[in-house]
Amino acid sequence: MRKITLKHSPPAGLARKLADDLNPSQREAASAPDGCNLILAGPGSGKTRVVTYRVAWLIGRGAPAESILLVTFTRRAAREMVERLGGLVGARAGRVWAGTFHHVGNRLLRRSARELGFESNFTILDSEDQKDLIGLAMTDAGLSSKDKLAPKPAQVQHVLSFALNTRRTLEDVIAETAGELVAWTDHVRHAAAAYAARKQAANCMDYDDLLVLWLKLLNEHPARLAEQGKMFQHVLVDEMQDTNALQIEIVEKLAAAGSGNLTAVGDDAQSIYRFRGANYDNILKFPDRHPGARTFKLEVNYRSTPQIVALTRASIAHNHTGFPKELVSARGDGPKPAVVATADVYEEAALVCQQILETRDRDVPLAEMAVLYRNHYDSVVLQGELLARGIPYNVRSGVRFFEQAHVKDVLAFLRVVLNPRDEASWRRLLLFLPGIGPAKAGAVHRLLAASADPFKALASAETMAAVPTKSRGPFAAFVNDINLIRATDPEKHPADAIQAVLAGGYKATIRQRYDRAENRIKDVEQFAVLAAKYDSLERLVGELMLAGDLYGADVEGGDEPRDLLVLSSVHQAKGLEWSSVFVVRLVDDGFPNRRATDEPGGEEEERRIFYVAVSRAKDELMLTYPSTVSRGFGPTTFSTPSRFLTEVDPDLFERVALEHEFESLDINKE
Ligand code: ATP
Ligand code: MG
């Protein structure tokens, strides 16, 4: 038979970019042959650049974009990589499966939910809803919330999650990390089972389920394993050092079921999520688990000046575990990292603000500067000072927009419309009505759950009869609101649905129940503005619930047109870089965090966090600590500078002394 060969050409200019934008070792890694590949290198050496270019290279060689799975640590990182990829391969970039583990899990589970006993429109619980549901499950398991010694829902949530993520038994985790719960182990196990049953009944999953059930699907449904193995011809993972047992098992299962093409990228010395079960052995032992894997090293740091690289190297040298790596800066000289002691936390905040303004006067945009801290509460005084001086900033840690009570209320309205079996959301809303407490809310929900058409049941005489007489007026108004929200066709017009929430009785609820009511109403209006960008309620709710996702926790302020300073915990700053970085509150007890250093291996973990912090800086790095600290109560005490400052050669720093100058106070009117 005659054959015709169709010719495909790689994306225009790709070969040139692969040649020009990478150094020889980066190019070798980006174009490594199929199979298992490990890229293990220090910060700023271009790992993320290489993995992005590798995806482009694979596409250039003919791999369909949708056959590539690229997992990264945060949604922000995924978005940046896809953007970058767009510049290399054009529109095909959007078809790559790129995201956090939880995002990919969510997308895949929608297709197979039924096999796991869920509907495909399952909703995702955030950690607050999760805590509420665990509280109910604990009551099911005979744990009375009135018993002062009984575990708290937050404790149970923590041990459950840790056990799942590390693939260890609840018994082991309790014995090792939560001694105070040992006597309650059986109860906790029963509560865990009740919690799972409640989630299934309400068609809800929590964040951990997105991974646990994904793995379960792969383990127990061979057809799905084969399907996903075939789907993902190439699996690539950035920030491999922060994967936990669950994530690594998913990745390795998928790769083994498919073509066996797995690229792992990371730096064991930047593993900082141990408290969530991350294990840097996942990257260090990669060659043992995959005999024949090729290892690539990158030894040039393109991010930071030699002065900053010298400090990062000197600091991490104090850790005894880990893979030693070479790192040489490709940049020209810059100033040494500055260390400044301030009198107290207020002076520290004033210093940082003044430095930021001076740096901005040198034409460095605010967005090229970041203040990093170990603990979120370390940012509060600084936030006050920034506000006072009118320096606009964006906080990437702490309470997130979508975890505020009023935002969660609005989500509850959307969620009951989307999934009328969602018990937690019905309860949340019903409790707003006067005269309805948990028992009545439960009774109403049971009537809805028992009905084939919950919305019809909501408006039925039987349900009305379950409501106390004095609550019937407000309840009828509530039912009317729900109907109006449904009438906006929320599936396709989520913004209209949010407007409908505001147009109903909810605005009055905000004013009754919350402080700063007008601000909250404005928040909800802005939420509608954000929602207008979505054409599907399911996608909106799914994506926003994941915006607070534990693995990829980053805050989305919508579009950020203004030039904003970044305030971030070190944990949220991984993978990122700024021209000018300030690391504050470098006192022993704070950074390193004392609680962490009490645990075995804790000091090394804290040092890795410090290493991540200082290696975010491109040009300038300032390290500050207050000489005295106050905790808001009790006396002010003297502090000890962080051991991470005192243990390295002082020559690596420039010590800066603070002087005070008072502008003359001119009392003569001009
Ligand atoms: P981290 O460990 O912090 O995640 P990384 O190893 O992933 O760092 P990248 O973020 O990929 O490093 O790269 C650091 C910086 O160096 C980026 O600004 C990147 O664009 C730049 N860079 C990387 N490789 C090169 C190169 N060959 N030429 C010029 N710049 C480069
Ligand atoms: Mg990176």
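I began with helix 29 (residues 602-614), which lies across strand 12 (369-373), strand 15 and strand 16 (617-626) and runs at about 130 degrees to strand 16. I took contact to mean heavy atoms within 4.5 Å. Axes are lines fitted to C-alpha atoms, for helices over the stretch in contact, and angles run from 0 to 180 degrees between N-to-C directions. Helices (H or I, at least four residues) and strands (E, at least two) are DSSP runs numbered from the N terminus.

I noted the basis of the entries: this is a predicted model, in which local features need pLDDT of at least 70 and side-chain atom pairs count only at pLDDT 80 or more, while totals for chains, interfaces and linings use all residues. Residues are numbered from 1 along each chain as its sequence is written, chains are lettered from A and ligands numbered from 1 in the order in which they are written, and side-chain values use heavy atoms, with hydrogens and water left out.

I traced an open sheet of seven strands with parallel pairing, in the order 13-14-12-15-16-11-19. Strand 13 (393-395) and strand 19 (654-656) are at the edges with a single partner strand each, so one side of each is left without a neighbour in the sheet. From one strand to the next, the twist averages 20 degrees. Two strands count as paired if DSSP finds at least two bridges between them. I looked up the pairing of strand 11 (residues 338-342) with strand 19 and found it parallel, over three bridges. In that pair, V339 stands opposite R655 of strand 19.

Strand 6 (residues 234-237) pairs with strand 7 (residues 262-266) in the parallel sense over three bridges, and V237 has A264 of strand 7 as its bridge partner.

**Entry: ligand 1**

Which residues come nearest to ligand 1? Of the 18 around it (a heavy atom within 4 Å), I listed Q26, K47, T48, E577 and R616 as nearest. I then checked polar contacts, pairs of N or O atoms within 3.5 Å; within protein, one must be able to donate a hydrogen and the other to accept it, and residues adjacent in sequence count only if both atoms are side-chain atoms. An N or O atom in the side chain of T48 is 2.8 Å from an oxygen atom of ligand 1. For E577, the distance from a side-chain N or O atom to a ligand 1 oxygen atom is 2.5 Å. R616 has a polar side-chain atom 2.8 Å from an oxygen atom of ligand 1. The protein covers 83% of the 630 Å² of accessible area that ligand 1 has on its own, computed by the Shrake-Rupley method with a 1.4 Å probe; for residues, only the protein chains shown count as cover.

**Entry: backbone details**

I found a cis peptide bond between F591 and P592, with omega about 10 degrees. P592 is in the loop between strand 15 (578-583) and helix 28 (594-597). N203, although not a glycine, has a positive phi of about 55 degrees.
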